[in-house]
Amino acid sequence: IARNPNESEFHQAVKEIFDSLVPVFAKEPKYMKHGVLERISEPERLITFRVPWVDDNGKVHVNRGFRVQFNSNIGPYKGGIRFHPSVNASIIKFLGFEQIFKNSLTGQPIGGGKGGSDFDPKGRSDNEIMRFTQSFMTELCKYIGPDVDVPAGDIGVGAREVGYMFGQYKKIRGGYEAGVLTGKGIGYGGSLARTEATGYGTVYFVEEMLKDQGLGFAGSTVIVSGSGNVSTYAIQKAQSFGAKVVACSDSNGYIYDKEGINLDTVKRIKEVERKRISEYVNEHPHAEYHEGCSGIWSIPCDIALPCATQNEIDELAAQILVDNGVRAVGEGANMPSTLKAIDIFLNNNILFGPAKAANAGGVAVSSLEMAQNSMRLSWTFEEVDAKLHEIMKNIYRNSVKAAENYGHPGNLVVGANIAGFIKVADAMIAQGVI
Ligand code: NDP
């Protein structure tokens, strides 16, 4: 804490991992001897840079860009780029740190990284987005490459922004290095099913948790927060498994549609018109819109899928969910539950799928995109989706096994953290103190 002051999100992420690793360190003294914890929690590199750009009225703006290259012991740094005004070193470091373990859990050869900027894309024209993104990549391109560091999208960065980043990288570097970014458009090296992967993967993971208890999505009532990339495809997959999704949200408020959300309307409002979720009730007047995001957790449900942002479920929201009879929580977003909220879920025997495991499907398919780019091949949607499904099942099984082996059966927070850690830690020891 003294070394990284004012980085509360980073401290939170590190504390969760370190607490989970207590039984590993008790059993395996080699990790202590080789200083693995001290090394793994210090990024290999944190790059910050100026991002100047000019708006449509000729006014100059300066934002701050970040890339954390956290760990490269099992593969090139891999992790998304976030454009959101809340972005700072603490947010980027917490995301990059978690990415190390998540990427390891996927079983793919990818290290941990993350990046972004405090740029706010809301209300900006397409030209402003392009100019900003080009300026961002003009600096970032010095530090990335298909075998070095491979960014992707995250909050505020979708196919449009990845396209502009790819174009600028190609212009500056010359040549066509398809594998430098993932989440690309299908026509120029993107993988089918990447857009759907995080949301689908979260639902696949939760389905595994439910199955073990003789339960399933069919006939259940589900709440999904957010209405962006992860939320959209979590809603779609949950609906296809027979669930009724009754609520979703954006950063202004949430909608509650007792009859089940019409996903086509949500997609058109958010993806095409880029408007607010409140518009939904204009077309579906029987639904309700409420200002403010946290109230979404007061709606009774069987399954909650937080898919918006960090710390969106606090202690109070967790207790309300439990009191209302929630059976399973699957984290589609990164660190959406506070540490106290997680304790409440675990102490009440709620099936809890932590982000590192439950939302790893996106980066797993990003890695499959890199593989296709290297082979100059394109797999079909069905092929990629089947691989994704298998990866999510493996992550679930490995997390369950690690939790059992280290004395915490059923605790997937501990299980996922340990399973992700061991592979990276062993690689760090094998490669010496570097
Ligand atoms: P998007 O930008 O596509 O969507 C984010 C959604 O969350 C939007 O609906 C946004 O609303 C809402 N939101 C943002 N901030 C807040 C807030 N403070 N309170 C409530 N709602 C908010 O991002 P993604 O769907 O890509 O990412 C969502 C989460 O999933 C993030 O935590 C991300 O790190 C994580 N994730 C994403 C992956 C991916 O493949 N995209 C992979 C793994 C994790 P608004 O429209 O108002 O901004």
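**Exercise 1. Domain 1 and domain 2**

Task: In this predicted model, find how far apart the C-alpha centres of domain 1 and domain 2 lie. Then describe the contact between the two domains.

Solution: 
- Start with the bounds. Domain 1 covers 43–179, and domain 2 covers 196–349.
- Now turn to the contact. Domain 1 supplies five residues, and domain 2 supplies four residues.
- Sort the domain 1 side by residue type. Three residues are nonpolar, one is polar and one is charged.

**Exercise 2. The setting of Gly201**

Task: Is Gly201 buried or exposed?

Solution: 
- Count its surroundings. There are 33 other C-beta atoms within 10 Å of Gly201.
- Apply the cut-off. A residue counts as buried at 20 or more such atoms.
- Conclude. Gly201 is buried because 33 other C-beta atoms lie within 10 Å.

**Exercise 3. The partners of Gly201**

Task: Which residues does Gly201 touch, leaving out those up to four places away in sequence? What distance separates the C-alpha atoms of Gly201 and His389?

Solution: 
- List the contacts. Gly201 touches Asn359, Ala360, Gly361, Gly362, Ala364, Leu388 and Met392.
- Next, take His389. Along the chain, Gly201 and His389 are 188 residues apart.
- Compare that with space. Their C-alpha atoms are separated by 6.8 Å.

**Exercise 4. Confidence**

Task: What average pLDDT does the chain have? Which ipTM and pTM does the model score?

Solution: 
- Read the chain average. The pLDDT averages 97.
- Check the residues. A score of at least 70 is reached by 100% of them.
- Finish with the model scores. The ipTM is 0.98 and the pTM is 0.96.

Technical notes:
Residues numbered from 1 in each chain as written. Predicted model: local features only at pLDDT ≥ 70, side-chain atom pairs only at ≥ 80, totals over all residues. pLDDT = per-residue confidence, 0-100. Buried ≥ 20, exposed ≤ 12 C-beta atoms within 10 Å, placed from the backbone. Contact = placed C-beta atoms within 7 Å. Domains from an automatic or database assignment. Nonpolar A, V, L, I, M, F, W, Y, C, P; charged D, E, K, R; others polar.
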